[in-house]
Amino acid sequence: MRIHNVILALAATAFFGCAHTTMRGGVAMKLSDREAHVCMGDQEVSVGDKVTAFRNRCTGGRGKSGDSDRSCEKIKIGVGTVTKLLNEHYSVVQFDSGVQFDEGTFVEKL
């Protein structure tokens, strides 16, 4: 099931590209334990720029009335450096040793 979700996510990324605002800053493809294609293009970052990686930690659920009591917290997981600009949509980021990221991790320029 997990591989199916990854394939769908990659297909959606390829279809919609990073121009879509919900994709901006997302790790689109994990290349290795330290390197990834990130949805930040040549108009947003430059080689050598530092970026911070985050994940969401969400808790709670839906109450009996259907309303949600979920809340999410933005958690910093580490720092990386832009090492290459691929095009107007993507760049390559190398994360510091020990940063545990995956597709869906989101990144912001420092």
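Asp 49 is buried, at a relative accessible area of 17%, where buried denotes under 20% relative accessible area, exposed over 50% and partly exposed the range in between (1.4 Å probe, protein chains only). The model is a predicted one, in which local features need pLDDT of at least 70 and side-chain atom pairs count only at pLDDT 80 or more, while totals for chains, interfaces and linings use all residues. Residues are numbered from 1 along each chain as its sequence is written, and side-chain values use heavy atoms, with hydrogens and water left out.

Four salt bridges are present in the structure, a salt bridge being a side-chain nitrogen of Lys or Arg within 4 Å of a carboxyl oxygen of Asp or Glu. One of them joins Asp 49 to Lys 109, with 3.4 Å between the closest N and O atoms. Because Asp 49 sits in the loop between β2 (35-38) and β3 (50-59) and Lys 109 belongs to strand β6 (residues 106-109), this pair ties together parts that are 60 residues apart in sequence. Strands (E, at least two residues) and helices (H or I, at least four) are DSSP runs numbered from the N terminus. Lys 109 is partly exposed, with a relative accessible area of 44%.

Another salt bridge is formed by Glu 73 and Arg 57, whose closest N and O atoms are 3.9 Å apart. Glu 73 is in strand β4 (residues 71-85) and Arg 57 in strand β3, so that the pair links distant parts of the chain, 16 residues apart. Glu 73 is partly exposed at 42% relative accessibility, and Arg 57 is partly exposed at 41%.

Strand β6 also contributes Glu 108, the side chain of which meets that of Lys 74 in a salt bridge of 2.8 Å, N to O. Lys 74 is located in strand β4, and the pair links distant parts of the chain that are 34 residues apart. Relative accessibility is 31% for Glu 108, which counts as partly exposed, and 44% for Lys 74, which also counts as partly exposed.

Thr 105 is found in the loop between β5 (91-95) and β6. Thr 105 is buried, its relative accessible area being 8%. A polar atom of the Thr 105 side chain lies 2.9 Å from the backbone oxygen of Asp 102. With neighbours within four places in sequence set aside, Thr 105 is in contact (heavy atoms within 4.5 Å) with Gly 25, Gly 26, Val 27, Ala 53, Phe 54 and Ile 77.

Key. A polar contact is a pair of N or O atoms within 3.5 Å; within protein, one must be able to donate a hydrogen and the other to accept it, and residues adjacent in sequence count only if both atoms are side-chain atoms.
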